[in-house]
Amino acid sequence: MQIKQLGRSSSRRSFLRASLAAPGVIGAAVLGDSLPSAAFDGTGITQGDINILRFLAAIEILETDLWQQYNELGGIQDSEVPGGSGSKVYTDALLTLDGDMSQYIHDNTEDEFTHFSFINGYLMSKGAMPVNLDRFRTLNGSTATGAQKIKRLTNLMELTVYTSWWTRYRSRTKNPDFGDTFPPAIPGLLKGKFPAIPRSDADLKPPDHIKAIAYTAAFHFGTIEQGGSSLYPSLAQRVTNVEVLRILLSIGPTETMHFQTWQDKAGNIDPLTDPTNGLMFPDLNNGPFPAGFGVEDFQTNLIMPEPTVFISPNLPVCSIIRPTQTQGAAMGTVRALTRDGLFSGQSAAFFAELNELAALADMAQRQI
Ligand SMILES: [Fe+2]
């Protein structure tokens, strides 16, 4: 039965590939297909559940790849997270934000590794295909001393970091699920492609340059982990099996624990301008602030979600993760990561695979 399921899945994959090549076709053509809601096995796990888990496994593999690069240069290289030997200058720049930065980078890296290994292990225990992206490890990484000279899945050297989550979580009246938009904490990070790790030892000076690279990393940490914080509750709404739901409800909040930590650390930046490229980190507590926004939209110690509108403007405001709207959440995640430059240099085949995994996850429907 499982083989049959995988077979059906495979013909579906070619269909999806064709659909994805023609934007607009997929919605109408695929919605009539019953496969995402079909039973996967006799335990109440649906094909949709499997598709959601497979997308999450892919995202966790990608997260692991990027965190591994951070750990090699700026974390702690040990038996729990092996690889690399550290860059003292980069590590010291990160430590200006918090004396425990290296430990946190190490632990976040280990957590992501366990997320994808667990989800893949669970998939295999149910007779489903695990996710393996090794064939897409084609990108060059940093040549700085301390980094492993191996091929990567993700690119941390050409990032355009969206930091609107900073003001989104501080807003008391707005919620992206109601169509609201938010100004970025660091507008300069939208105005170019910036390294979040030293690309080579040449990036280790002058001091304000490597500090700006560490600051870019600090905000990228928050950007990545707030994405995970929204992704899990968004997808959980379309899971059918209670055990699969338990997996999403148990992993998702660890992403939020990461996010909370990184948001706190990013708030420790000093105002700074990178002398090599003009990238500016403003004074978040004292402004100047954009028109219509004030102190509390940027204040660095407001690291707990401000209560805001949720479900309906007629209900009391609530302190929540935002967004959690479920429709298109997987594809939205792929779009956001791509927009940030995380996959700069990746192949068309990589994007086709990732889009396909996301499209399948987005088609899953909760069966009741
Ligand atoms: Fe994760």
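Mentor: Here is a walk through the helices, their core and then a few loop spots.

A word on the ground rules: this is a predicted model, so local features need pLDDT of at least 70 and side-chain atom pairs count only at pLDDT 80 or more, while totals for chains, interfaces and linings use all residues. Residues are numbered from 1 along each chain as its sequence is written.

The protein has 10 helices and 2 strands, where helices (H or I, at least four residues) and strands (E, at least two) are DSSP runs numbered from the N terminus. In order from the N terminus, that reads α-α-α-α-α-α-α-α-β-β-α-α. Among contacts between residues at least 6 apart in sequence, 72% join residues at least 24 apart; a contact here means two C-beta atoms, placed from the backbone, within 7 Å. Of the 368 residues, 46% count as buried. Buried means 20 or more other C-beta atoms within 10 Å of the residue's own, exposed means 12 or fewer, and partly exposed is in between, with C-beta atoms placed from the backbone.

Let's zoom in on H8. Its 25 residues should span 36 Å at 1.5 Å a residue, and because its end C-alpha atoms are 36 Å apart, the two agree. The expected span is 1.5 Å times one less than the number of residues. As background, an α-helix has 3.6 residues a turn, so residues three or four places apart point the same way.

Take H7 next. H7 and H8 pack at an angle of about 155°, with their axes 8 Å apart; axes are lines fitted to C-alpha atoms, for helices over the stretch in contact, and angles run from 0 to 180 degrees between N-to-C directions. That makes H7 roughly antiparallel to H8. For the labels, angles under 35 degrees count as roughly parallel, over 145 as roughly antiparallel, 65 to 115 as roughly perpendicular and the rest as oblique. The crossing of H7 and H8 is left-handed, meaning the near helix is turned anticlockwise from the far one by less than a right angle (clockwise would be right-handed). H7 itself is mostly covered, with 28 of its 30 residues buried.

Now H5. H5 and H8 pack at about 165°, with axes 11 Å apart, which makes H5 roughly antiparallel to H8. On the H5 side, the contact is made by Met 101, Tyr 104, Asn 108, Asp 111, His 115 and Tyr 122. Facing them from H8 are Ile 247, Ile 251, Thr 254, His 258, Thr 261 and Lys 265. This crossing is left-handed. H5 also meets H3: their axes come within 8 Å and cross at roughly 150°, so H3 and H5 are roughly antiparallel to each other. H3 passes H5 in a left-handed crossing.

What about the core? The largest nonpolar core has 87 residues, and Phe 55, Ala 218 and Leu 235 touch the most other members. A nonpolar core is a set of buried Ala, Val, Leu, Ile, Met, Phe, Trp, Tyr and Cys residues joined through C-beta atoms within 7 Å. Helices that each supply at least two of its residues include H3 (47–74), H5 (101–125), H7 (207–236) and H8 (242–266). Leaving out residues up to four places away in sequence, Phe 55 touches Ala 330, Leu 357, Ala 358, Leu 360 and Ala 361.

Finally, the loops. Most residues other than glycine have a negative phi, and most peptide bonds are trans. Against that, the peptide bond from Lys 205 to Pro 206 is cis, with omega near 0°, and Pro 206 is in the loop between H6 and H7. Arg 322 and Pro 323 are likewise joined by a cis bond, with omega about 0°, and Pro 323 is in the loop between strand S2 (280–281) and H9. Ile 311 is also found between S2 and H9; its phi is positive, near 65°, and Ile 311 counts as exposed because it has 12 C-beta neighbours inside 10 Å.
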